[in-house]
Amino acid sequence: MSESPPNVQPPTPAEIREYARRHHIDLTDQEVEDFEAAIAEALLGYERLDQLPDYRPRVEYTDRDPGYRPGPDEDPLNAFVTKCEVRGADDGPLAGYEVGLKDNVNLAGVELTLGSKLFEGYVPSTDATIVTRLLDAGATITGKLNMEDMAFSGSGELSATGPVLNPVDSDYIAGGSSSGSAAAVGNGDVDVAIGGDQGGSIRIPAAWSGLVGHKPTHSLVPYTGIAGLGRSFDHAGPICSTVDDCARVLDVIAGKDDLDPRQGVVPTDDYRGALSDDPSDVTVGVVEEGFGHEVSESGVDDTVRDALAAFEDAGATVTEVSVPMHQDGLTIWNAIALEETAATVDGEGIGHYGKGFYDTQLADAFGRARRADADDYITTLKLTLVLGEYLADEYHGHYYAKAQNLSRQLAEKYDDALADVDVLAMPTTPQTAHEVDESISRLEAIDRALNMLHNTSPFDVTGHPATSVPAGTADGLPVGLMLIGEQFDDATVLSSAHAFEQSVETGL
Ligand SMILES: NC(=O)c1ccccc1
């Protein structure tokens, strides 16, 4: 997909009528004629815009290698879209670290696919803000990692290049949507990886693959230069083997970015410096409603309860808390995710509103691809666009707006529970990884893509920081314990996860 800037042309009278109709306006003949003249005048400004060069963030470390797609011998888990090597500064907190990026993160000069056929051959010429920060910290970026097609599934089997295999047991899938991020870290191909999380996509693959995944507080980590689904619930964050590495990466990528319209005031911390080894520093509120969902596997619930009992034996204070509204979290997330994703796609992948960097290249590429190849969308995105557009149109945005309001109320309920404890706790997902099965039906694929979001998705719409840390196994497969903290108190969440990791033997 090559970059060719648009060259503005005036609409025909028929087009003027058609675009008016899309806004429920019926123009008279005289209105069409008058607008034709007014539009000719207005478009002179657009001719000028075509002449002005775009304003883009500067790219540093310009020695770029476009890389290559590894074959199955080199990449048996299908973790990579591209292997590459972009070296950063000579020293810094990530010197010696090989870092992989989910393939929705702009790395200038290297193809970006979003795990989808639609973007094949698209090469951004800017870096995401977090890429600049990683390179400044001494990292070497060694790969673009596979992901669920357009990030719209939690399972790990719906990339355009097929299933991503679980690094603990390759008869199972890795979890998604940051599937390659988990597989590459688990397989030792990279030291740490960046993932993305809109409904659970950092924490699910971390849980299923026996790794640590941290979804930062919403807006703590700039999302500039990363393709997303909706500004109000897009997150990027680390997937690593240890909590210590997650804190080390967060120290580098967190903080104010003038280019990101999602951010307000962004309080940061010394995340690595705040890590504790001592369970007696930690008070945990175990959220009753995070267990026993209809889809919950008892083995998962038992493993998480046993791990929390072991944490208590090691000195942590563990209490039971109730947050009844948690049971409505997935419903609230769903109403936000459906309409906001449809609006983002209508907005050519970049949307509108807010001051910041707008990726014109992405809009050009996505705009063209979606008009030509939308039939190749992942099935869950097709479903979301149909239903999201229908609901927005038929009910005039009522449900999206109400769900946004309810997400604020939900956030208050978690805050109330957090007033008495450091962190809340529950299983990251109600079940362990699905078995690899390439013969499933469309409806089974949709179910497997979305049936694990009960505990992860509420925190994508409330914004609270949440870490998944390995808690043990159920039938030999990894189980994740999710710890949740107050907004912008990522330090306490990571510190509590670290104390757990250091004091409880999980076999992972
Ligand atoms: N990107 C996500 O977190 C996601 C997960 C599951 C379904 C839709 C989106």
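**Close-up 1. Helix α8 gives the largest share of the lining of the second largest pocket, six residues.** Helices are DSSP runs of H or I with at least four residues, strands are runs of E with at least two, and both are numbered from the N terminus. This is a predicted model, in which local features need pLDDT of at least 70 and side-chain atom pairs count only at pLDDT 80 or more, while totals for chains, interfaces and linings use all residues. Residues are numbered from 1 along each chain as its sequence is written, and side-chain values use heavy atoms, with hydrogens and water left out. Two helices, α8 (329–346) and α10 (379–394), each supply at least two residues of this pocket's lining. A pocket is an open set of points on a 1 Å grid over the protein atoms alone, with protein on both sides within 12 Å along at least five of seven lines; a cavity is a set of points where a 1.4 Å probe fits but cannot get out; and lining residues have an atom within 4 Å of a point. To find the middle of the second largest pocket, look for Ala-343, Thr-344, Gly-347, Gly-351 and His-352, which lie nearest its centre among 38 lining residues. The space in this pocket is about 990 Å³, where a volume is the space filled by probe spheres set on grid points joined across faces, edges and corners. Its lining divides into 15 nonpolar, 13 polar and 10 charged residues. Here Ala, Val, Leu, Ile, Met, Phe, Trp, Tyr, Cys and Pro count as nonpolar, Asp, Glu, Lys and Arg as charged, and the others, Gly among them, as polar.

**Close-up 2. The largest cavity holds about 170 Å³ of space.** Its lining has 16 residues, and those closest to the centre are Leu-114, Met-150, Ala-227, Gly-228 and Leu-229. The elements giving two or more residues to this lining are α8 and α9 (360–373). Helix α8 gives the most, with three residues. By class, the lining of the largest cavity has 10 nonpolar, six polar and no charged residues.

**Close-up 3. The second largest cavity has a volume of about 110 Å³.** Among the 15 residues that line this cavity, Ala-151, Ser-153, Gly-199, Ser-201 and Trp-333 are the closest to its centre. Nine of the lining residues are nonpolar, six are polar and none is charged. What sits in the second largest cavity? The ligand does, by the rule that more than half of its atoms lie within 2 Å of the cavity's grid points.

**Close-up 4. The ligand has residues around it that include Phe-152, Gly-154, Asp-197, Leu-450 and Leu-453.** A backbone N or O atom of Ala-151 lies 2.8 Å from a nitrogen atom of the ligand. In the side chain of Gln-198, an N or O atom is 2.8 Å from a ligand nitrogen atom. The side chain of Ser-201 has an N or O atom 2.5 Å from an oxygen atom of the ligand.

**Close-up 5. The peptide bond from Gly-176 to Ser-177 is cis, with omega near 5 degrees.** Ser-177 is found in the loop between β3 (140–145) and α4 (179–186). Ser-177 is also one of the residues around the ligand.

Technical notes. A residue is near a molecule or strand if one of its heavy atoms lies within 4 Å of it. A polar contact is a pair of N or O atoms within 3.5 Å; within protein, one must be able to donate a hydrogen and the other to accept it, and residues adjacent in sequence count only if both atoms are side-chain atoms.
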